[in-house]
Amino acid sequence: MPIDTIYRDSGCEWIDVEAPTAEDMKYLHERYEINNLLLEDTLDPNHLPKYEADGNVKFFLLRESTELERKNLNSISDISTKIGIFLLDDTIITVHRMKTQSISETKKQLSAGHENSSPEKVALMIALVIMKSFDDESLSLFETMDNIENEIFLKNTNHTNQIRRLYRLKRKSGLNSRVLTISADAIDKFKLLNLPDSELTDLKDKHKDVVADFDHLNIQITNLISMFLALSDQKANQVMKVLAIYSVYFLPITFIAGLYGMNFDNMPELHTKQGYFYTLGVMGLIVVITFIYARRKQW
């Protein structure tokens, strides 16, 4: 069974459940009298962060940022995984479907400590690591955005794959922002636990900082997409400008060549001895006049 007691002292017992089965859910319900509806919430991969209380059970459902590269970025489960935290007297139970950084790092911190802990303290430590996972993700996305920006403006590349990368970046940032915004209420409910105000303030400050980072990231990505599209339009306009100038050069001389190509006997100067050279001279003169006009207009 995946149920494992990973920490125990005189004031706290931490039970961790990874990838729970139906039998595990039944055991938790019967052994700790946890409401089945709360247990079912931990099985829904797209469930939003929340806080609920049922009798002496306090339930936090949080989401942690993951490093998995999903092909599609359509839901919050593509960029995060959920962690259910049940607090019962001197026991904390965590339920999750995959290995998470918050569980492993909190376990290491408890193993390195020398003081007895409490379920509330363990829950706070998990929440702080979860906030750190989003902070690390924001730094990674900022770095990716900087690389794309350098390629666009310094290396002067605006290939189609750049706009795809920017779109994917925007999707990831937007989904992370959604998770963090919805998590605000659950983070605020930590004030109901028996924890020092300084530690609660630290958690709230970290949450606000990460929310602000992703808000700034969303704005930066949107601006970069707009600049990328504007740059692409500018390059397209430059190409059209060159083509238009060449059209201005060749349109009149093409008209002359087409006109004299009709070869009617009564056309003026058709039988003139130097008519061919006169025509070439007129064509050259037109090109020169057009060039001078274009330069004066700064085309």
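**Core and helix packing in a predicted model**

Good morning. Of the 50 residues in the largest nonpolar core, those touching the most other members are Trp14, Ile85, Ile92, Ile126, Phe134 and Phe190. A nonpolar core here is a set of buried Ala, Val, Leu, Ile, Met, Phe, Trp, Tyr and Cys residues joined through side-chain atoms within 4.5 Å, with buried meaning under 20% relative accessible area (1.4 Å probe, protein chains only).

This is a predicted model, in which local features need pLDDT of at least 70 and side-chain atom pairs count only at pLDDT 80 or more, while totals for chains, interfaces and linings use all residues. Residues are numbered from 1 along each chain as its sequence is written, and side-chain values use heavy atoms, without hydrogens and water.

Isoleucine 92, leaving aside neighbours within four places in sequence, is in contact (heavy atoms within 4.5 Å) with residues including Trp14, Ile85, Pro119, Val122 and Ile126. A second, separate core has 15 residues, among them Ile34, Val57, Ile93 and Val95.

Let me turn to the helices, which are DSSP runs of H or I with at least four residues, numbered from the N terminus. The axes of α4 (residues 119–153) and α5 (residues 160–188) come within 11 Å and cross at roughly 160°; axes are lines fitted to C-alpha atoms over the stretch in contact, and angles run from 0 to 180 degrees between N-to-C directions. The two helices are therefore roughly antiparallel, the term for angles over 145 degrees. Among the residues that meet are Phe134, Leu141 and Ile148 in α4, and Leu166, Leu169 and Leu180 in α5.

Thank you.

How values were computed
Angles under 35 degrees count as roughly parallel, over 145 as roughly antiparallel, 65 to 115 as roughly perpendicular and the rest as oblique.
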